[in-house]
Amino acid sequence: MEKQIKRANQAIENTLKTRNSRFYPYFHLAPQAGWMNDPNGLIYHQGLYHAFYQHHPYSSQWGPMHWGHATSTDMVHWQHQSIALAPSEDYDRDGCFSGSAVSHDGKLYLFYTGHIWLADEGDDSQIQQSQCLAVSDDGIHFVKKGVVLPAPKGYMHFRDPKVWQQDGKWWMVVGARDTFDQGQILLFNTTDLFHWDPHFQVLAKTDDKDVYMWECPDFFPLDGHFIALFSPQGKKANNFQYRNLYQNGYLVGNWSSNSSYEITQPFSELDFGQDFYAPQTFLAKDGRRIAIAWMDMWESHMPSSKHGWSGCFTLPRELSLSKQGKIIAKPIRELESLRQSATHFTETYLPKNTTLLLNKHVTACEIELIWDLKQSILAEKFGFWIGNGLQFYIDNQSQQLTLMRHYPEYVISDSRSTPLPQTEQLKIHAFIDQSCLEIFINDGEINFSCRIYPEQEQKILQLFTINHAALLKSAIYWPLSKAIA
């Protein structure tokens, strides 16, 4: 593998010389060059946070998957490292697909899916997938140990292992597609990380006949319950719901190592924006449950691909569970270290059909807006614009929160919506980066994530209200420092 990694690192260095950074983020983790998708192996290990990711270093398009790698002391400022894994063996010759990491006895263990095309490249009807292991003494250089879990009989699509330790055993969940083309999560265990019991449980499976695969599963305790987090493929749109090509969401239930998974809450989406897929969780140094996702979507237009790179991650989010069984996802507090001098806006009535300019040119910033919904009920819609291509607003006619994009030069024009919370005030907390937007509603009750592509002269941030006045209780604007080299 050493030869393949050296060649891949050199390809990145070559592309970096000509990379166009017009859309390259200031504080969202992105590849130096080439393609990025799913987060892999997120972990705190020996004083550092590690973020691995699905990576094609030779092109800004998807290709044979490597594992890119970055490290951080605070989950905010990231340093790129050498590529960690590259296809090199018979069992992973066509890709080192997604997986996870564990820290054990001072070593870092990477579990990943070895992928093989049995017919033509890209022909998903004939593949072989197995769970593989690589180990590192220093957290940077890895040695492959081979296949530790082949696909069970009857399973061809069998990928994305997530491993954790509990009750004296190691456990692994794997996303799968059965012979009836139905998505499910399989559960395995071992006592030593190397020799996995081939007998498994079907931890959970779809009850939707259209859903043929559950990808990138995660399974973890949260506030007294167990969460099954996964990305279903094949789900059909239903009015405002499930408009992305693929979604991500979770089940809430109860589980112990000697019982089956009892589901107590049905499938719910974790994020309602256009670009959110394959999140993975890990524990911060202090025990907080943190999630990071891929902030793009399959088969979508990615304007930066012509610039030598594609893909980025969401900001890390701290997860908790409400009394109603809903995941609350807030931006981690460490992001406050990026804030520069704040500008405060006091209570203001915006007359109908008006705008309030927050900043003439937005590159990297954070805003917090508190709207009085009760005093703004007659406004048709109100919220914020970024140039002419992005608007996020409260729609009083449909009682929806809506995130709308319109970049016809990139063949991007879409909107995503979810019901408006029935509260008297609405808090909008948003992070705006070069080509990234993340919105947190009412302290993480609802989230929207999407990529944005404003022209240089189209980075004006404005508040607006249409057809009636809206009451803005308060607003804060922070410019943010650069965190990614």
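Let's start inside the protein: Phe 219 is buried, and Tyr 261 is buried too. Here, buried means under 20% relative accessible area (exposed is over 50%, partly exposed in between, using a 1.4 Å probe and protein chains only). Keep in mind that this is a predicted model, where local features need pLDDT of at least 70, side-chain atom pairs count only at pLDDT 80 or more, and totals for chains, interfaces and linings use all residues. Residues are numbered from 1 along each chain as its sequence is written, and side-chain values use heavy atoms, with hydrogens and water left out.

Now look at the rings. The structure holds 39 aromatic pairs. Phe 219 and Tyr 261 make one that is edge-to-face, with 5.0 Å centre to centre and 90° between the planes. Rings of Phe, Tyr and Trp (its six-membered ring) pair if their centres lie within 6.5 Å; planes under 30 degrees apart are stacked, over 60 edge-to-face, and the rest tilted. This pair links distant parts of the chain, 42 residues apart: Phe 219 is in strand β13 (residues 213-222), while Tyr 261 is in the loop between β15 (249-254) and β16 (262-269). Strands (E, at least two residues) are DSSP runs, numbered from the N terminus. Ring pairs also join Phe 219 and Tyr 261 with Trp 164, Trp 171, Phe 226 and Trp 255 in a cluster.

Next, find Ser 231 in strand β14 (residues 225-233). Ser 231 is buried, with a relative accessible area of 0%. Its side chain makes a polar contact with the side chain of Asn 248 at 3.1 Å. A polar contact is a pair of N or O atoms within 3.5 Å; within protein, one must be able to donate a hydrogen and the other to accept it, and residues adjacent in sequence count only if both atoms are side-chain atoms.

Conventions
Helices (H or I, at least four residues) and strands (E, at least two) are DSSP runs, numbered from the N terminus.
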